[in-house]
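Q: I'm new to this structure and would like a close look at one part of it. Could you start with the nonpolar patch on the surface and then walk me through a few other spots?

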Amino acid sequence: MQFRIYSERDVSPFSEKMEKVSCKLSHDIDVIIVGAGFGGLSAAIKLARANKKVIVLERGMPVGSKNLSGGVLWGNDLGEILPNWKEEAPIERFVVKKKLGFLSEGDATILDFYFDDFKEKKTGAIVLRAKFDAWLAEQAKEAGARVEPGINVDKLLVENGQVVGIESNGETLRAPITIIMDGANSRLTLESGFRNHSKMSEAKGNFMLGIKEVLSLDPELINQRFGVSSEHGSAGEYVLGNMPNDVLAGGFIYTNGSSISLGVVIHLTSLSTKDRSYEVYEKFKSHPHVQQLIEGASQLEYGAHLIPEAGIKMMPQISGPGFLVGGDAAGFVFSNGMVIQGMNYAAKSGILAAEAAIAALDKGSFDAKTMGQYDKMIKDSYIYKDLKNFKNVTKMTKNPNLFKIYPEAINNGFKNLIEEDGKPKQKAWKTIMKSFKEKGAGLFTLMRDGRKGMNL
Ligand SMILES: Cc1cc2nc3c(=O)[nH]c(=O)nc-3n(C[C@H](O)[C@H](O)[C@H](O)COP(=O)(O)OP(=O)(O)OC[C@H]3O[C@@H](n4cnc5c(N)ncnc54)[C@H](O)[C@@H]3O)c2cc1C
């Protein structure tokens, strides 16, 4: 079913555009999806393939312009709806190297993992959202969905306790089901009372702030500096021990085809009013280890975005009469310092939301019980199992010792082991223990943190 009216390039004024959409669609829409990110577009593809009439409303123009990830897309959830996506989608490189780094002032210890079977499995696809989301939107349109960028949804339309559509710029659009995939800063779930908090300021502890820059760099230099070949790439995460004040932050560096994605993720509660988030990013960027990797690179993009980090503890009501919630809006993100996963959960929850919507449409019932089938699908999926399994992961990932003690202690420990200063050498374990002790971490602290580390 194809019912496109105008293309993504249409730049008609906002209200005029919404008017066009609502009047042309006064005849039945089955599902309205808010947000053309991974979640919304995956749901749209699945629904359109089942011949359901679906429209995706996206505030960004074009699709992808508001979106930002590190970003490595892990796993193969998209394979359920797009079997050849790994060959056809705009993928920068596939991960073969994973790095974990501990940075302190001037020093770095980097663990460099190489997984040869990742080449065959193509398990981690490094993507740039502007390109990838635009491609995903094309797939949704080809499947028969309407994708309308440049439309900001103001609120849900609720009648007799049931969501019956949306409002945008004074116009309304009706459908028996609305799928809310409006991302981390989900105003729709906040303002509709589906979340624990009614204001983002109250929910601060549930989020990290991501800042990311894309830096253009010659592909040959990327290959040399990161020890990779043209289609293979490296994804590095860093524990940042060189941050000012009490800021707790991690860094990342991913290799794209001809650029580098560089960024930081900052635990929002550690950021005080005197800290400037861009300075946190600059501090990471100016570290000598990072500098030698990006020397000569120039800026292509710069952006900031929230990342949910409280997982299951921040999960809102994800279904109810006439609506379903998925992706970041539902808090479906996992981060353990080694990886961030959110795009895969968004895609999977989008597919499950579409399946739940298809079942409800076929049954002709949109009450809480029918829509609640989605809760069960999520609970049976790996998304919920992961989030439940790792529900206490922040005990370690937000542990100040991880940032304030360990990077410097590790770096000093290894430096002392390697350096020759003309004095008698100590055994390795003694050197490293001494270095931890000097930073204030004795045996008990290490044991306590070791217990917290069991949550990773
Ligand atoms: C710095 C950073 C690094 C990350 N790294 C990774 C990584 O390496 N791997 C990984 O898997 N994940 C990563 N993530 C997380 C990942 O980006 C998200 O989990 C994923 O994008 C969630 O998809 P989504 O569809 O739920 O939301 P989004 O992709 O955010 O899409 C939501 C869409 O809704 C639109 N929207 C919002 N409100 C409205 C409205 N009112 N009306 C209309 N449209 C609206 C937005 O413009 C947006 O297009 C990272 C995130 C950040 C910020």
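A: Leu 417 sits in helix 16, which covers residues 406-418; helices here are DSSP runs of H or I with at least four residues, strands are runs of E with at least two, and both are numbered from the N terminus. This is a predicted model, where local features need pLDDT of at least 70, side-chain atom pairs count only at pLDDT 80 or more, and totals for chains, interfaces and linings use all residues. Residues are numbered from 1 along each chain as its sequence is written, and side-chain values use heavy atoms, with hydrogens and water left out.

Leu 417 counts as partly exposed because its relative accessibility is 32% (buried is under 20% relative accessible area, exposed is over 50%, and partly exposed is in between, with a 1.4 Å probe and protein chains only). Together with Phe 414 and Ile 418, Leu 417 makes a nonpolar patch on the surface, and the three share about 290 Å² of accessible area. Patch members have over 30% relative accessible area and no salt bridge, and nonpolar side chains (Val, Leu, Ile, Met, Phe, Trp, Tyr) are joined within 5 Å, like charges within 9 Å. A salt bridge is a side-chain nitrogen of Lys or Arg within 4 Å of a carboxyl oxygen of Asp or Glu. The areas come from the Shrake-Rupley method with a 1.4 Å probe, and for residues only the protein chains shown count as cover.

Now for a leucine that is buried: Leu 293, at a relative accessible area of 4%. Leu 293 belongs to helix 9 (residues 288-294).

On to some backbone details. Most residues other than glycine have a negative phi, and most peptide bonds are trans. Lys 122, however, has a positive phi, near 50°. You'll find Lys 122 in the loop between helix 4 (117-121) and strand 6 (124-126), and it is partly exposed, at 23% relative accessible area. Asn 160 is not a glycine either, and its phi is positive too, about 50°. Its place is the loop between strand 8 (155-159) and strand 9 (162-168), where Asn 160 is exposed, with a relative accessible area of 84%.

Last stop: the peptide bond from Met 61 to Pro 62 is cis, with omega near 0°. Pro 62 is in the loop that runs between strand 2 (54-58) and strand 3 (72-74).
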